[in-house]
Amino acid sequence: MKILFAGGGTAGHINPAIAVAGYIKSKHPEAEIVFIGTERGMESRLVPQAGYEFHTIDVEGFQRKISLENIKRNISAASKLMGASSAAKKLLRQLQPDVVVGTGGYVSAPVLSAAAKLGIKCCIHEQNAFAGKTNKVLAPKVDAVMLAMPEAAKFIKPKSEPIVVGNPVRQSLIDMNKDEARRTLGLDERPVILSFGGSLGARRINETVADVIAAHWKSGEYVHFHATGKYGTELMPKLLAERGVDMNAENLHITEYIDNMDLLMPAADLVICRAGAITVSELAVQGKPSILIPSPNVAENHQYYNAMTLVSRDAAELIEEKDLTGKLLAERTLALIGSKERLEEMRKNALSGAIFDVNERMYQVIMELYSARK
């Protein structure tokens, strides 16, 4: 059995593929797992690190904003896409996979299109509540469409009924409970606020979280963990100093990056963050009340739609960045963290939509296609 995964660009497109690949190997140690991506995407590092065979094709995405520079880049992208289609067909003939799985990103378009034309069983997985352009184009061509969130169904037109499977979430995060996480971190009984804006750091989140911290730190009532991101390491100390906050206060933990999310998220009582697909799924499986601030700088505003999957279940509150102020975020945060009843209600609502057996669901879809191959 040989399964080929195509996807890349961001960790959100790669990590689901790696998670399912590992699950397949646990069930079928003899299975061959192969990946196709690009040299420039994160897949070129993450896939070999995971120990899988990795092949590349040269393809790049189209720019949506109209400018002279972007027109030039789009001409180059169109030329590369033609070459990528030919390269994908050549690779597929060489590798001869039984099933091809697309997990998003522009690299999946030529690979899945070629697989469909060659009669190879293929499927796609859409991580967001608003289906991306690549998957919208591929949906009518492939044999099965898997969705992380049922809300995405209205944006695509597949051959057959799409299958809701969820987003793969690290098992370590699923398995960790709040009490154990807090004991491991050495926390007391005070409520915990967790905030972050991504690995690079979102300036508006850093600015407004600084106001949240300024509003509560002196009382010592709450413990606050905040990740500044790469571009916030110099900014955040400056913002806090301007607000008279002692960064070394015992109830504040300000770091560039959170490398123990499988402990911090379970330990938290309230999470303030963006609304990436995997993050939203993690909040659901952990039953975490949240204040979501979708990034406005993503394709087709898809983080807003991701956020609404929790907001519509009353598991999260939404603040769009255009409405975001430090005063508003501080008010919302303190109102929520101060109400155990409200937090418990949101916790139950978040869990109500969680999917815990994602890998098994995706595995079943792939195995059905494997059984049906010619």
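Me: About how many helical turns separate Arg342 and Glu345 in helix H14?
Reply: This is a predicted model, where local features need pLDDT of at least 70 and side-chain atom pairs 80 or more, while totals for chains, interfaces and linings use all residues. Residues are numbered from 1 along each chain as its sequence is written, and side-chain values use heavy atoms, with hydrogens and water left out. Helices are DSSP runs of H or I with at least four residues, strands are E runs of at least two, and both are numbered from the N terminus. Arg342 and Glu345 sit 3 residues apart in H14, so the separation is about one helical turn.

Me: Is Asp314 buried, partly exposed or exposed?
Reply: Buried means under 20% relative accessible area, exposed means over 50%, and partly exposed is in between (1.4 Å probe, protein chains only). Asp314 has a relative accessible area of 30%, so the label is partly exposed.

Me: What is the phi of Gln96 near?
Reply: Most residues other than glycine have a negative phi. Gln96 sits in the loop between helix H3 and strand E4, and its phi is positive, near 50°.
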